[in-house]
Amino acid sequence: MSINKREEGKKVNSNINVTPMVDVMLVLLIIFMVITPMLNNKVNVDLPKADAAVVMEDANKEDAVVVAVTRDGRTFLGGDQVTLDDLGPKISAKLENKTSKEVFMRADIRANYGKVMDAVDGIRSAGVSQLGLLTERTDDSGTATTKK
């Protein structure tokens with residue numbers, strides 16, 4: 001057994017080993033890349049496909065007002081389920097401090113047309129000036145993309 005002694009003339013190695021930190025950062029990056037798309041669309045609906053869809057970049061903003069109608073006729077404002085009677089006042093409250101009175105609607109392709117129109121009436125009763133109906137745009141090859 002030997003005892004290691006540091007000699008006074010030698011320098012202390014004070015380098016930081018960054019390899020574990022890089023590993024942790026890469027794992028966190030991968031987690032956030034997987035989770036972020038799930039947070040964007042809080043309600044799962046199968047959007048209808050359209051050939052002449054226009055890209056609406058404002059729909060992806062964090063403060064965008066998005067109404068969703070599911071297949072079974074439930075209505076959601078953001079991620080919260082609302083009744084059709086409460087839809088107008090809640091949208092009015094969300095748009096109170098905004099300059100653009102634009103609301104985006106995501107309706108399931110198999111949703112009842114009457115339920116979708118009831119939601120549109122609730123949105124219009126809130127004084128919304130623009131209503132964007134979100135769809136998936138189909139490519140020339142016939143496959144659907146996630147553009148809105």
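Leaving aside its neighbours within four places in sequence, which residues is Asp108 in contact with? They are Val45, Asp46, Val69, Thr70 and Arg71, where contact means heavy atoms within 4.5 Å. Asp108 sits in the loop between strand E5 (102-107) and helix H3 (113-124).

A few words on the model first. It is a predicted one, in which local features need pLDDT of at least 70 and side-chain atom pairs count only at pLDDT 80 or more, while totals for chains, interfaces and linings use all residues. Residues are numbered from 1 along each chain as its sequence is written, and side-chain values use heavy atoms, with hydrogens and water left out.

pLDDT is the predictor's confidence in each residue, from 0 to 100. The protein averages 82, and 85% of the residues score at least 70. Over residues 142-148 the pLDDT is below 50, though this stretch has 20 contacts in the model beyond near neighbours in sequence. Where pLDDT is low, the predicted coordinates should not be read in detail.

Now for the overall layout. The protein has 3 helices and 7 strands, running α-β-β-β-β-α-β-α-β-β from the N terminus on. These are DSSP runs numbered from the N terminus: helices are H or I with at least four residues, strands are E with at least two. Of contacts between residues at least 6 apart in sequence, 69% join residues at least 24 apart.

Buried residues make up 28% of the 148 residues; buried means under 20% relative accessible area, exposed over 50%, and partly exposed in between (1.4 Å probe, protein chains only). Here are two buried ones:

| Residue | Place | Relative accessible area |

Not counting residues up to four places away in sequence, Val103 touches Val65, Val67, Ile91, Leu95, Ile123, Val128, Gln130, Leu131 and Gly132.

Two of those names turn up again where helices H2 and H3 meet: Ile91 belongs to H2 and Ile123 to H3. Leu84, Leu87 and Gly88 also take part from H2, with Asp118, Ala119 and Gly122 from H3. By class, this contact has 5 nonpolar, 2 polar and 1 charged residues. Ala, Val, Leu, Ile, Met, Phe, Trp, Tyr, Cys and Pro count as nonpolar, Asp, Glu, Lys and Arg as charged, and the others, Gly among them, as polar.
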